[in-house]
Amino acid sequence: MSSPDPSSGGDGAAAASKPGRAGHGWDGAADEWLIAQAVSGSKFSGQAFEVLLRRHRDRIYRIALRLTGDPVDAQDVAQDVAVQLWRALAGFTGSSTFSTWLYRIVVNRSLNHRRAQRVPGRRTEVLGEADHPTVRGPEPRVLDAARLDAAGAALSALPAEQRAAVVLCQIEGLSYREAAAIVGVSEAALRSRLERGRRNLVAAMREWT
């Protein structure tokens, strides 16, 4: 049976571009096939790379947004990651899943960008506009916005290692194993960072509970 071809526009393309937990089952196999096509030098290489990037683009941006705290910075990071991915893809050895390798780049780029662009008092984006509950009247909206600002400020104030653990596990929903592999520590160390981050967030948000 031949491999699905994302350039054909058939079922293979739809499945290959479908978002999911890359690195697991079909998603991991689809990534591997797209990588092979992207680095093959064939006339379909560029298209395969675009499909590969599209599969992960939303999460790249979300992670960058939660770690940098600014939509413009997050977009800059996402563009930098796309360029680095194109340049470095041929060097991907498969020693980890592609998603682990890619999101490690995103986390490192985001934290480095934040350190370089750090502005005192900047809040971190935790939720997008689409995540806000619909409420009636100005007072609930004001309170909700203030609570969101407080949550963003609390997340932004966390040490980088705790913030990364909270973003990957608590917000993005990755497993301890996945998050630990991305940040390059043991699961025990990741759990410890996450627990400290959660405690600090709870303490910072106590007046809102």
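**Arginine contacts and aromatic pairs**

Q: Which residue does the side chain of R59 join in a polar contact of 2.9 Å?
A: A polar contact is a pair of N or O atoms within 3.5 Å; within protein, one must be able to donate a hydrogen and the other to accept it, and residues adjacent in sequence count only if both atoms are side-chain atoms. This is a predicted model, where local features need pLDDT of at least 70 and side-chain atom pairs pLDDT 80 or more, while totals for chains, interfaces and linings use all residues. Residues are numbered from 1 along each chain as its sequence is written, and side-chain values use heavy atoms, without hydrogens and water. At 2.9 Å, the partner of the R59 side chain is that of E172.

Q: Is R59 buried or exposed?
A: R59 lies in helix α3, residues 45-68 (helices are DSSP runs of H or I, at least four residues, numbered from the N terminus). Buried means under 20% relative accessible area, exposed over 50%, and partly exposed in between, with a 1.4 Å probe and protein chains only. At a relative accessible area of 14%, R59 is therefore buried.

Q: What is the geometry of the F49 and W86 rings?
A: Rings of Phe, Tyr and Trp (its six-membered ring) pair if their centres lie within 6.5 Å; planes under 30 degrees apart are stacked, over 60 edge-to-face, the rest tilted. By this rule there are four aromatic pairs. The centres of F49 and W86 are 4.9 Å apart with planes at 75 degrees, so the pair is edge-to-face.

Q: How many residues separate F49 and W86?
A: The pair links distant parts of the chain, with F49 in helix α3 and W86 in helix α4 (residues 71-88). F49 is buried at 6%, whereas W86 is partly exposed at 47%. The separation is 37 residues.

Conventions
Helices (H or I, at least four residues) and strands (E, at least two) are DSSP runs, numbered from the N terminus.
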